[in-house]
Amino acid sequence: MTESGKPLKVAVLGCGSVGSQVVRLLVEQAADLGARVGVPVELAGVAVRRLDAAREVEMPEGLLTTDAEGLVARDDVDLVVEVIGGIEPARSLILSALEHGASVVTANKALLAEDGPTLFEAAAKAGRDLYYEAAVAGAIPILRPLRESLAGDKVTRVLGIVNGTTNFILDKMDSSGAGFADALEEAQELGYAEADPTADVEGFDAAAKAAILASLAFHTRVTASDVHREGITEVSAADVASATEMGCVVKLLAICELREQPGGDEAVSVRVHPAMIPRSHPLASVREAYNAVFVESEAAGQLMFYGPGAGGAPTASAVLGDLVTVARNRREGVTGAGESAYADRAVLPMGEARTRYHVAIDVDDRAGVLATVATAFAEHGVSIRTVHQEGRDDDAQLVVVSHEATDAQLRATVEHLQQMDIVREVSSVMRVEGGAE
């Protein structure tokens, strides 16, 4: 417990779009924050790369420093807010802060997804808090509900749109009929996509967030390398049009599931990929750059969390929420919930994940083709749910939607189709999620 009335000192690492907003809120709302915590909360310093760089907000005089290592090692710093991003030097600075007795609030999804256990173990050893609500879905409160509100329940599935850039692109493709390249260009012009959008459009950002969500939901250590990842660069206007014909929309989904295995044990499946979902599903109505996370649990049922998933001010809101909680804990001399990995469930490879496929196949337009294609599905243990055929001049297109099967069975079916003489091209393959079997 801290001395009664003694201010809690906060150091901020990074002063970009999020860090500058954190500093602004710390200064502008100092009185309110102090009232909520129970003691004054004061800014001890802000670590930056360059002292003369332009800032989005006015910095308090004398608090900027380029010596991040020295700042986190100060004896008077009680809390460190890390919003630098990336792996290093963020990891070393967080570990140093914990070692020197500070609690930590971070928004660093990449670091948590790659090396979270090291950070959690360091926090536990130091008897300090490590909070990270802002690492997933910006201002949307999703991690704390998983960690605390649903701690007495059993979460079975987390399905989310956790990247605003890709959601904006896919939404524009759906609403305007634009191709991927044109929708990406618009996203960049409006500031929703970076000049190099690889982390977003190839699914790296969403995969890191999926690893964090799965770890919390299923009490199992999941890293980004455990997550099957596919981006949206191969999604075509024709794919989006096919989804529309089915009454669906295409979204990049983070899907975290508990799967019962043949022996009765449960395993974890975590994947990120584009998929068709019915327009009746709550996630289908998530537009532009917004995020939403759909949680299913045994007792609470279905819950949905929706809001802005990025941006300086929204993300800073989540950081400050963690800061107030950590500061209260610090004042009382306690720590909050740490890592929960007691279940230690196996993480399934993608081939064992169960899903459905939408497959568009260009075939010769002659008798017996449909039966031959159906046989190919059956040979790999995949049941057909619906099939639609359109005849053209000298060929036809079959659109097949399967029942649920393992991803390995479905991939094998597609590979078989591609080798058949009657098949001219498998023109589109996309998973289908969110509907009733």
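User: What counts as a pocket here, and what as a cavity?
Analyst: Both are sets of points on a 1 Å grid over the protein atoms alone. In a cavity, a 1.4 Å probe fits but cannot get out. A pocket is an open set with protein on both sides within 12 Å along at least five of seven lines. Lining residues have an atom within 4 Å of a point. Points are joined across faces, edges and corners, and a volume is the space filled by probe spheres set on them.

User: And what kind of model is this?
Analyst: The model is predicted, with pLDDT of at least 70 needed for local features and 80 or more for side-chain atom pairs, while totals for chains, interfaces and linings use all residues. Numbering runs from 1 along each chain as its sequence is written, and side-chain values use heavy atoms, without hydrogens and water.

User: OK. What volume does the second largest pocket have?
Analyst: About 480 Å³. Its lining has 18 residues; Glu 230, Glu 234, Val 429, Met 430 and Arg 431 are the closest to the centre.

User: Which element gives the largest share of that lining?
Analyst: S17, with 6 residues. Strand S17 (423–432) and helix H14 (407–418) each supply at least two. Helices (H or I, at least four residues) and strands (E, at least two) are DSSP runs, numbered from the N terminus.

User: How do those lining residues divide: nonpolar, polar, charged?
Analyst: 7 nonpolar, 4 polar and 7 charged. Ala, Val, Leu, Ile, Met, Phe, Trp, Tyr, Cys and Pro count as nonpolar; Asp, Glu, Lys and Arg as charged; the others, Gly among them, as polar.

User: New topic. What is the strand order in the open sheet of 6 strands?
Analyst: S3-S2-S1-S4-S5-S6, with parallel pairing. S3 (64–65) and S6 (130–131) are at the edges with a single partner strand each, so one side of each has no neighbour in the sheet.

User: Which helix packs on the sheet?
Analyst: H4 (90–99), touching S1 (8–13), S4 and S5. Contact means heavy atoms within 4.5 Å. The direction of H4 makes about 150° with that of S5. Axes are lines fitted to C-alpha atoms, for helices over the stretch in contact; angles run from 0 to 180 degrees between N-to-C directions.

User: How many bridges join S4 to S5?
Analyst: 4, between residues 79–82 and 103–106. Val 81 has Val 105 as its bridge partner in S5.

User: Which peptide bond is cis?
Analyst: The one from Glu 88 to Pro 89, with omega near 10°. Pro 89 sits in the loop between S4 and H4. In the loop between S6 and H6 is Ala 137, with a positive phi near 65°.

User: How many cavities of 30 Å³ or more?
Analyst: 1. The largest cavity holds about 50 Å³ of space. Its lining includes Leu 146, Arg 147, Leu 216 and His 219. Helix H6 (143–149) and helix H10 (204–218) each give two or more lining residues. The lining divides into 6 nonpolar, 1 polar and 3 charged.

User: Last one: what follows H12?
Analyst: Gly 333, with a positive phi near 75°.

Technical notes: Two strands pair if DSSP finds at least two bridges between them.
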